Amino acid sequence: MNITKTQKDGYTLIGVENDAGMLLRLTSLGAGIREIIVPDKNGQRQTVTLCPVDEEVYKSGYHGKTIGRTSGRINGAKFTVDGNTAVLEKNNFGEDNLHGGAAGLHAQSFEYDIKETENGVDVVFTYLSPHGEGGYFGEVKIAVIYRIYGGQNRFDIIFEGAPSQKTLLNLTNHVYLNMGGSLTESVLSQTLYLNASHVGRLNERLIVEELLPVSEEFDFRTPHKIGDHIAADSVQQYTKGYDHPFFLKESGLDKTACALQSDKSGIRLEIRTTYPCVVLYTDNYADSSLEVYKGRYDEQYLAACLECQYHPDGVHQSPESCGIVSPEKPYREAIEYRFKLV
């Protein structure tokens, strides 16, 4: 395993290269992923992520970073747990909270430690989120562990949270993915498998209103191209593409929750998770002036996010499984990323 550390303006960039050809670039800003590079079917190393080249744009955005304390949109930017009410930033249509607000984990500087393991390397990012940060109650010690394997193109993200009192957490990673290699194709031609039997119906503010059985345009249980039904009115309404929470038929690290692959590159990503939900976002609101890779500029549907998490508004709609934690019941969830060739 080859490990490098580079000091950037306000954060550290950590590179971990394994023996199977994968290079993972991680950042202490937002405990995030800056870039993933893996070999394609021809043995050529390819970037399979989208990320702003401009440092200031990157530092203020979500690309590849840990999202929290809560992921997605919380209706009314307010919730109550155990008699305590959190009043959050209204950064979604001026009414709801999105991704924890401006003081979310994506904007925070994490401490880090690098540990050798029997199978590779753990990069452990830690951050103490104080009581009241972003409007959330309770102090939470947060750890984001990237477990990188030496002999296979696989890494895991393990999220841990130790709160001082009963509170809400819903952590994910917001990496933008494209298996085509170095952003040479859109994700419309890439094949998606998503083992989800239900999808969230959204209102005009993209708040989940109810869970529905997947209809044809939302059914990826039989793998097909992302572009096959993206023009359907039900997909385009309010979101201009997929930006929907999909609820898994089964979850657990012993089964594939979703997979994305490119015929062009032969690269396939399989994702396993302990979470019950995956939010699929297809880069619907791209900024054409934003350089995202070596002269390549962003465009609609150039990438897809597969954000494993709890129901975004679960604290209001499914409180039995939404990320409520306590000192007696700390937070621990995991996502596995496995790259293969097809």
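Phe 220 and Phe 246 are both buried in this predicted model. Their rings form an edge-to-face pair. Phe 220 sits in the loop between strand E21 (208-213) and strand E22 (224-225), whereas Phe 246 belongs to strand E23 (residues 243-248), so the pair ties together parts 26 residues apart in sequence. The two rings are also members of a cluster, in which ring pairs link Phe 218, Phe 220, Tyr 242 and Phe 246. The count of aromatic pairs comes to 14.

Another of these contacts joins Tyr 310 and Tyr 331. The ring centres are 6.2 Å apart and the planes stand at 70 degrees, so this pair is edge-to-face. It links distant parts of the chain. Tyr 310 lies in the loop between strand E29 (305-309) and helix H3 (314-317). Tyr 331 lies in strand E31 (residues 331-341), and the two tyrosines are 21 residues apart. Tyr 310 has a relative accessibility of 10% and therefore counts as buried, the cut-off being under 20%. Tyr 331 is buried too, with a relative accessible area of 3%.

Tyr 58 has charged residues over its ring. Arg 34 lies over the face of Tyr 58, at 3.8 Å from the ring centre. Lys 65 also lies over the face of Tyr 58, at 4.6 Å from the ring centre.

The largest nonpolar core comprises 62 residues. Within it, Tyr 146, Phe 155 and Phe 339 have the most contacts. Strand E14 (residues 140-149) supplies the largest share of this core, with 5 residues. Sequence neighbours up to four places away aside, Phe 155 touches a set of residues that includes Met 22, Leu 24, Ile 33 and Ile 36. Its contacts also include Tyr 146, Arg 147, Ile 148 and Tyr 149. Ile 335, Glu 336, Tyr 337 and Phe 339 are likewise touched by Phe 155. A second core is separate and has 11 residues, among them Ala 77, Phe 137, Val 315 and Cys 322.

An open sheet is built from 5 strands in the order E1-E2-E3-E4-E5, with antiparallel pairing. Strand E1 (2-7) and strand E5 (45-47) form the edges, each pairing on one side only. With direction ignored, neighbouring strands of this sheet are turned against each other by 20 degrees on average. Strand E2 (residues 12-17) and strand E3 (residues 23-27) run antiparallel and are joined by 5 bridges. The bridge partner of Glu 17 in E3 is Leu 23.

Notes: Residues numbered from 1 in each chain as written. Predicted model: local features only at pLDDT ≥ 70, side-chain atom pairs only at ≥ 80, totals over all residues. Heavy atoms only, no water. Core = buried A, V, L, I, M, F, W, Y, C linked by side-chain atoms within 4.5 Å. Buried < 20%, exposed > 50% of the residue type's maximum accessible area, 1.4 Å probe, protein only. Helix = DSSP H or I, 4+ residues; strand = E, 2+ residues; numbered from the N terminus. Contact = heavy atoms within 4.5 Å. Phe/Tyr/Trp six-rings, centres within 6.5 Å; stacked < 30°, edge-to-face > 60°. Lys NZ or Arg CZ within 6 Å of the ring centre and 35° of its normal. Pairing = 2+ DSSP bridges. Axes fitted to C-alpha atoms, helices over the stretch in contact; angles between N-to-C directions.
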